[in-house]
Amino acid sequence: MFPYKITNIEGNDGKELVELFKGQAAGFVQVGPKKWTLPAKYAEHAEKYYTFDLKQDDLWVMTHPRSGSNWMQELLWLINNKLDYEISTKIPINKRFPFFESNMVFSDKFLKEMAELNDNDPEVMKIIKNYDTPGYITGETMKSPRHFKTHLPPSLMPPNLLDTCKVVYVARNPFDVAVSFYHQNKLIKAIDYQSDFEKYWELFERDLIIYSPYWEHIKEGWEKRNHPNLLFLFYEDLLRDLHGNIRKICTFLNKQMTDDEIKTLADHLHIDNFRKNCTIISNISKINGMINPEAQGFIRRGKIGGNEEFNDDKIKLRAEKWFRENLAKTDIVFPEF
């Protein structure tokens with residue numbers, strides 16, 4: 001049984017969010033005492049996400065959105081599949097390593113609009129059906145070892161997750177997370193953010209962005225960092241020492257790789273090669289109206305800092321104050337960024 005209360009975000013906040021996130025016409029909910037902000041569709045699936053039947057050889061990537069999850073999916077899948085680059089090039093990441101709760105992002109109204117916009121084309125209808133299929137259904141027919149990505153925090157996942165299977169949690173500094181998520185929220189029409197970054201940052205601070213609160217998410221992962229089935233990594237450390245972190249991941253997964261194999265994998269994962277060689281989501285370009293052609297793509301800069309969105313001193317000073325005040329309430333030690 002799902003243990004948390006789910007409430008609709010109503011009043012001025014609810015009205016504003018629906019106006020700002022045009023693709024989420026059904027609105028948003030908040031979950032439990034930490035008030036996780038999620039699309040309204042989450043409520044229909046919360047219990048089945050929470051009670052999903054796990055297997056011992058399942059491998060999970062868990063992150064707050066825009067923390068290097070796609071990159072980590074590719075890395076883990078290759079290590080766990082004998083470095084099969086041929087298959088990784090042919091089959092999109094979302095097919096090999098599905099996004100567990102992605103269906104909740106696509107509101108029923110949005111999917112109906114996509115079907116109508118594409119004249120109910122049979123091929124498009126099949127793709128839409130796949131987008132609307134939750135991971136707890138997809139997982140039933142997946143061969144072991146299964147691989148899953150989630151942006152849900154540990155407390156909204158099956159309580160036996162860490163005692164059953166291995167999880168890699170990746171954290172990233174909130175400034176880069178917010179900028180990257182802002183651009184993705186403008187790219188994906190199922191979210192379709194309508195305003196500027198200054199407003200987005202305000203919502204990020206107020207924990208009104210999907211998967212907020214950011215700090216609670218990171219804290220839940222950090223608190224589990226010493227569990228033998230969880231490997232806690234920082235995106236910044238991965239960028240600065242990918243070879244060393246591949247070795248760390250191999251140890252965690254009980255896999256062996258030679259120095260040459262590690263070098264080849266690191267080259268494959270270089271942001272320019274990753275952008276060129278890896279497809280994140282299959283068939284998304286085949287559906288009219290699914291993405292905003294004027295927005296930045298799924299795989300952006302893959303760098304630390306340097307975001308022009310913080311060139312405005314007003315936003316920068318506000319964000320830095322927010323970061324200092326919240327970090328002081330934790331024992332989290334971020335790498336330099």
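Residues are numbered from 1 along each chain as its sequence is written, and side-chain values use heavy atoms, with hydrogens and water left out. Because the model is predicted, local features need pLDDT of at least 70 and side-chain atom pairs count only at pLDDT 80 or more, whereas totals for chains, interfaces and linings use all residues. Helices (H or I, at least four residues) and strands (E, at least two) are DSSP runs, numbered from the N terminus.

Strands of a sheet pair through backbone hydrogen bonds, either parallel or antiparallel; here two strands are taken to pair if DSSP finds at least two bridges between them. Strand β2 (residues 28–31) is joined to β1 by three bridges, and Ile-6 stands opposite Val-31 in β2.

Another open sheet has four strands, ordered β5-β4-β6-β7, with parallel pairing. At its edges stand β5 (147–150) and β7 (230–234), each with a single partner strand, so one side of each is left without a neighbour in the sheet. Five bridges connect β7 with strand β6 (residues 166–171), the two running parallel, and Val-167 stands opposite Leu-230 in β7. Helix α12 (residues 214–223) packs on the sheet and touches β4, β6 and β7, where contact means heavy atoms within 4.5 Å. The direction of α12 makes about 130° with that of β7, angles being taken from 0 to 180 degrees between N-to-C directions, with axes fitted as lines to C-alpha atoms and, for helices, over the stretch in contact.

Two packed helices are described by the angle between their axes and the distance between the axes. Helix α10 (residues 174–187) packs against helix α11 (residues 197–205) at an angle of about 120°, with their axes 10 Å apart. That makes α10 oblique to α11, since angles under 35 degrees count as roughly parallel, over 145 as roughly antiparallel, 65 to 115 as roughly perpendicular and the rest as oblique. Residues of α10, including Phe-175 and Tyr-182, meet Phe-197, Tyr-200, Trp-201 and Phe-204 in α11.
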